[in-house]
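Work through each task before reading its solution.

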Amino acid sequence: MRDCIKTVLKLFLIGLITTGVRIVGQLLIPAGTQTVLAPSSFAQNGTMPLAFTLYGIFAYSVFAAMFLLIRERMDGNRLWQGISYSLACCAVWVTYLWEPLPHVATMDRITYPIADSLALIVMGLFLGRMFGKERAKAEKRPRTYGIFPMLGITAAFLVGRLFLYFAADIYASFAEQPLETLLWCLITGWAVACVMAWMSRFVAGGRIKRAVLLGGVLFGVDLLLFNFFMPLVFAADVPDLLLRTLTDAVSVTVGCLFLPGREEMHACYSKSR
């Protein structure tokens, strides 16, 4: 019980520090002038700083907690364990911040990825320091998965997005920028596939269990909390956010079924030696 409390307090501290770094980054970003989305109720009544701080602490604490799901099977330097996890989060966040959306200015595609990445890297440093486990190099794990599983996740993500654009008519720039949006889907799908393939090396269980943990938790929960920073600033369509988050998470989960199981990976690796 005492260890559990200490873990929760450490995660809260990491969430607090990461939020502080993100707030500093936000203060350095020039104020935008977009007129597509109205300001949120928090922005209108002056409570946005408080709401952002409280939600940020909660969200970053959860992001930090998800590191505990994969750290047991990670090897090498403990600081690098935390940083590598944060870099994986950065890859997903940055590609989503590049999504073509009507309200996003060109400068925002540069400033927000920098501010978010800096906060996540700081989070990774503290995660490695507080929760990383220094250990010698364990058994070699295969680092390549073949092109098929990667294409499977990318294709599943693209199919989910096409459903959102054509059937659900979500908030997007697809009608005005179809080629740019499709290119973004391919790039994002591939980036997510790379992150899921890397994380799958540290997740145990059968194919279905691993797919749910990877796509539903490590990706889905991360995306859900990431997306809901938006309603703190803008009067966003919450059902739209929920639908796009759920669809992306389900698509990636289905795509993760293409990833080979740990037993299959080790069997292929043994044959290749």
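**Exercise 1.** Is the crossing of H1 and H3 left-handed or right-handed?

Solution. This is a predicted model, in which local features need pLDDT of at least 70, side-chain atom pairs count only at pLDDT 80 or more, and totals for chains, interfaces and linings use all residues. Residues are numbered from 1 along each chain as its sequence is written, and side-chain values use heavy atoms, with hydrogens and water left out. Helices are DSSP runs (H or I, at least four residues), numbered from the N terminus. The crossing of H1 and H3 is right-handed, meaning that the near helix is turned clockwise from the far one by less than a right angle.

**Exercise 2.** Classify the angle between H1 and H3.

Solution. The axes (lines fitted to C-alpha atoms over the stretch in contact, with angles from 0 to 180 degrees between N-to-C directions) come within 7 Å and cross at roughly 125°. Angles under 35 degrees count as roughly parallel, over 145 as roughly antiparallel, 65 to 115 as roughly perpendicular and the rest as oblique. H1 and H3 are therefore oblique to each other.

**Exercise 3.** Describe how H6 and H10 pack.

Solution. Begin with the axes: helix H6 (residues 147–168) and helix H10 (residues 238–256) come within 8 Å and cross at roughly 150°. That makes H6 roughly antiparallel to H10. The crossing is right-handed. Residues in contact (heavy atoms within 4.5 Å) include Gly152 and Phe157 of H6 and Leu243 and Asp248 of H10.

Conventions
Helix = DSSP H or I, 4+ residues; strand = E, 2+ residues; numbered from the N terminus.
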